[in-house]
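Subject: Structure for you to look over

Dear colleague,

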Number of protein chains: 2
Amino acid sequence: MSTDQKTSYLDVKNVIRRRIHDTVWEPGSLMPGEVELSQEFGCARATVNRALRELAQDGMIERKRKAGTRIKSAPTRHAKFVIPRIREEIERMGFDYRYALIERKEKTIPDWLCARIGGKAGEDVLHLRCMHYAGSRAFQYEDRWINLVSAPKARAQTFQDINPNEWLIREVPFSDGEVILSTVNADQIMSEMLNVSLGAALFTLERITWLKDMPMTFAKLYFHAGYQMTTRL
Amino acid sequence: MSTDQKTSYLDVKNVIRRRIHDTVWEPGSLMPGEVELSQEFGCARATVNRALRELAQDGMIERKRKAGTRIKSAPTRHAKFVIPRIREEIERMGFDYRYALIERKEKTIPDWLCARIGGKAGEDVLHLRCMHYAGSRAFQYEDRWINLVSAPKARAQTFQDINPNEWLIREVPFSDGEVILSTVNADQIMSEMLNVSLGAALFTLERITWLKDMPMTFAKLYFHAGYQMTTRL
DNA sequence: CAGTGGTCTAGACCACGTG
DNA sequence: ACGTGGTCTAGACCACTGT
């Protein structure tokens, strides 16, 4: 009568976590290899492997072939935030989503944008300014630039009835992106658009998207006052 | 002469990703089961399993036992942000990290905090206000509350020479947490502390931490003007 | 070159949740 | 009840990289 349930990768994960927390293994030091651990835990190497793989993904340890696995001295904390599609975010709150194009202009790429996203000088870009509403309330002001070289189809799109994000998702694949969260004091334009007082603290999200080194689009989103992003750890 | 390298879980992942993007399988609909896919790809079920598991983790699909695997209609976009330890963040920028305690006071838990973190009325808490400097420049103002019921050891700690976060990491385990990013206009105190003009837009990070339903600590961090969080997708 | 993690396999049993 | 995903195993080969 042995209560020999097989040891799960979760058990392994937890034990190791505990050991790291209790400094059984010094930060920065090497921990035993997979084979050794699998013997200790009485399970297959694959089980240990999965536990360690996930711990590495969580940023608790660092693994290198031949070098072994070491405890991260500075256990990095990650938080996963949802970057919502605006329509869904608004509808999930129970409001009607409404979109309005304010301006649409083809231009030559400005220098600052060139530097910002790594484009080539002289290329054509499409500049869009739009608003997103939740019911009758202004929700987000969007300042969007689309590279017409890498996304020429945008030329034929008026963006009167579809917002840039939804169009891009449908029409343009992308490989890589960058997101920057920051804040800004509302200037004249934003205060009018978002109906907030001049200087109000606004949450902003900048997003750059590439397709294999080709810059596709740059967007700066200004949220209504009081907007916040939430996540669980 | 067959170039029969074994198909990797990465291959599977990529093909599936492609199919989802190309709407080979309708959003919201069921996709084939693991067995069927493993036959199609000519690999072991474990391989398909890993591919699907990771795709689920990336938010592209949703899996349920017995129900099968379906394509997420609203492919959620996630972004993983690093929640840095302030000392490391500052030192990584090449500055000296300096910490200063401004105020330390034991109190009865205020109502708003009670509601905020789900504590019991009447419990004792420790309220700390501190500053973090990068070299000579103010970097972050911290407003911290520690539950003295769940972390009684905090009573004996002056927090003169160690910042709350580092102490908590060392002394108190935690199971669960919540992070909220938002913005605020600098009030009198913050403008003095962070040396910014009154009303400047500040980036704030609130953090609540629990240990098995026991609220441990609540912190609101106010960053210097111009602070931003960055991540790759 | 040799040791460590990375991955694949084929088969097995289990747990959950739908019908 | 039973089908689907979830996990474990034992063994094998590969790929990277420190020595």
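Of the atoms of DNA strand D within 4 Å of the protein, 68% belong to sugar or phosphate and the rest to bases. Please bear in mind that this is a predicted model, in which local features need pLDDT of at least 70 and side-chain atom pairs count only at pLDDT 80 or more, while totals for chains, interfaces and linings use all residues. Residues are numbered from 1 along each chain as its sequence is written, chains are lettered from A and ligands numbered from 1 in the order in which they are written, and side-chain values use heavy atoms, with hydrogens and water left out.

Around DNA strand D there are 23 residues, the closest being A:Ser8, A:Thr47, B:Arg45, B:Arg63 and B:Lys66, where a residue is near a strand if one of its heavy atoms lies within 4 Å of it. By class they are 4 nonpolar, 8 polar and 11 charged (Ala, Val, Leu, Ile, Met, Phe, Trp, Tyr, Cys and Pro count as nonpolar, Asp, Glu, Lys and Arg as charged, and the others, Gly among them, as polar).

DNA strand C is surrounded by 22 residues, of which the closest are A:Arg45, A:Arg63, A:Lys66, B:Ser8 and B:Thr47; sugar and phosphate make up 66% of the atoms of DNA strand C that come within 4 Å of the protein.

As for the two chains, a rotation of 180 degrees with 0.1 Å of shift along its axis superposes chain A on chain B, with an RMSD of 0.2 Å (by least squares on the C-alpha atoms of residues with pLDDT of at least 70 in both). The two copies are thus related as by a two-fold rotation axis, and 100% of the contact residues of chain A recur in chain B, contact meaning heavy atoms within 4.5 Å.
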